[in-house]
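Dear colleague,

I am handing over the structure below, together with a written account of what was found in it. Please read the account with the model open beside it.

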Amino acid sequence: MGITWATAWLPVGAITGWVTGMLLGFPVAGIVINSSMMFGFLGFVSGTAFAALLGAVDGRRRFDQLSFPRLIAWGALGGLFAIGAGLVGLSFSGFGVVAIGVVTLLGAGSAAGTLAIARAAGTGGALEDGGGSSPPALDANEIRDVLGRGRGGVAHTAEE
């Protein structure tokens with residue numbers, strides 16, 4: 001989850017860096033790279049914290065049993081954890097307050113997106129199972145068809 005969120009947050013950091021560089025007259029290339037790396041780090045920490053919270057609190061529930069508001073709260077907490085871990089000593093300056101708000105909203109939005117993608121994929125398994133579901137069982141005729149294929153792809157029966 002951390003790597004997925006980091007990958008999703010990198011472009012947000014790049015856009016933020018580009019806008020900041022253009023508005024404030026900073027060297028755009030340098031600030032885009034720095035901002036992308038910072039957002040990638042924060043996305044990784046936030047996604048990892050989100051996954052840990054989700055596993056600890058809702059690990060036995062399936063994705064279709066999770067509510068958006070609850071999951072958004074876990075994502076926001078993951079974002080708050082990330083901003084606390086990544087920007088220690090930032091204080092409550094104007095930039096600090098904006099950064100806390102942005103990363104908290106990114107965490108909540110990423111959590112909502114994660115649940116939406118999981119539901120769209122139709123995963124019904126428990127989170128501790130990796131979210132997947134078991135393949136459908138084959139009946140005796142299907143097993144015989146799959147295992148009993150001889151040369152040329154023709155199914156052979158036991159009488160042959």
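**Confidence and overall layout**

Among the elements of the protein chain in this predicted model, helix H5 (residues 140-147) has the lowest mean pLDDT, 63, whereas H1 has the highest, 89; pLDDT is the predictor's confidence in each residue, on a scale from 0 to 100. Over the protein chain the mean pLDDT is 76, and 68% of the residues reach 70 or more. Where pLDDT is low, the predicted coordinates should not be read in detail.

Residues are numbered from 1 along each chain as its sequence is written, and side-chain values use heavy atoms, with hydrogens and water left out. As this is a predicted model, local features need pLDDT of at least 70 and side-chain atom pairs count only at pLDDT 80 or more, while totals for chains, interfaces and linings use all residues.

The protein chain has five helices and zero strands, where helices (H or I, at least four residues) and strands (E, at least two) are DSSP runs numbered from the N terminus; along the sequence the pattern is therefore written α-α-α-α-α. Of the 160 residues in the protein chain, 32% are buried, the classes being buried (under 20% relative accessible area), exposed (over 50%) and partly exposed (in between), with a 1.4 Å probe and protein chains only. The accessible surface comes to about 9600 Å², and 69% of this area belongs to carbon and sulfur atoms; areas come from the Shrake-Rupley method with a 1.4 Å probe, and for residues only the protein chains shown count as cover.

**The core and the contacts of Trp-9**

The largest nonpolar core has 17 residues, and those with the most contacts inside it are Trp-9, Leu-42, Phe-50, Leu-54, Leu-71 and Val-103. H1, H2, helix H3 (68-86) and helix H4 (94-121) each supply at least two residues of this core. Such a core is a set of buried Ala, Val, Leu, Ile, Met, Phe, Trp, Tyr and Cys residues joined through side-chain atoms within 4.5 Å.

Leaving out residues up to four places away in sequence, Trp-9 touches Phe-39, Leu-42, Gly-43, Ser-46, Val-103, Leu-106, Gly-107 and Ser-110, contact meaning heavy atoms within 4.5 Å. Ser-46 lies in helix H2 and is classed as buried because its relative accessible area is 0%. Beyond its neighbours within four places in sequence, Ser-46 has contacts that include Trp-5, Trp-9, Gly-75 and Gly-107.

Gly-47 also belongs to helix H2, and its relative accessibility of 0% is why it counts as buried. The C-alpha atoms of Gly-47 and Gly-2 are separated by 4.1 Å, although these residues are 45 apart along the chain; with residues up to four places away not counted, Gly-47 touches Met-1, Gly-2 and Trp-5.

**Partly exposed positions**

Val-12, in helix H1, is partly exposed, with a relative accessible area of 29%. Apart from neighbours within four places in sequence, Val-12 is in contact with Phe-39 and Leu-106.

Phe-26 sits in the loop between helix H1 (2-24) and helix H2 (28-58) and is partly exposed, at 42% relative accessible area.

With kind regards
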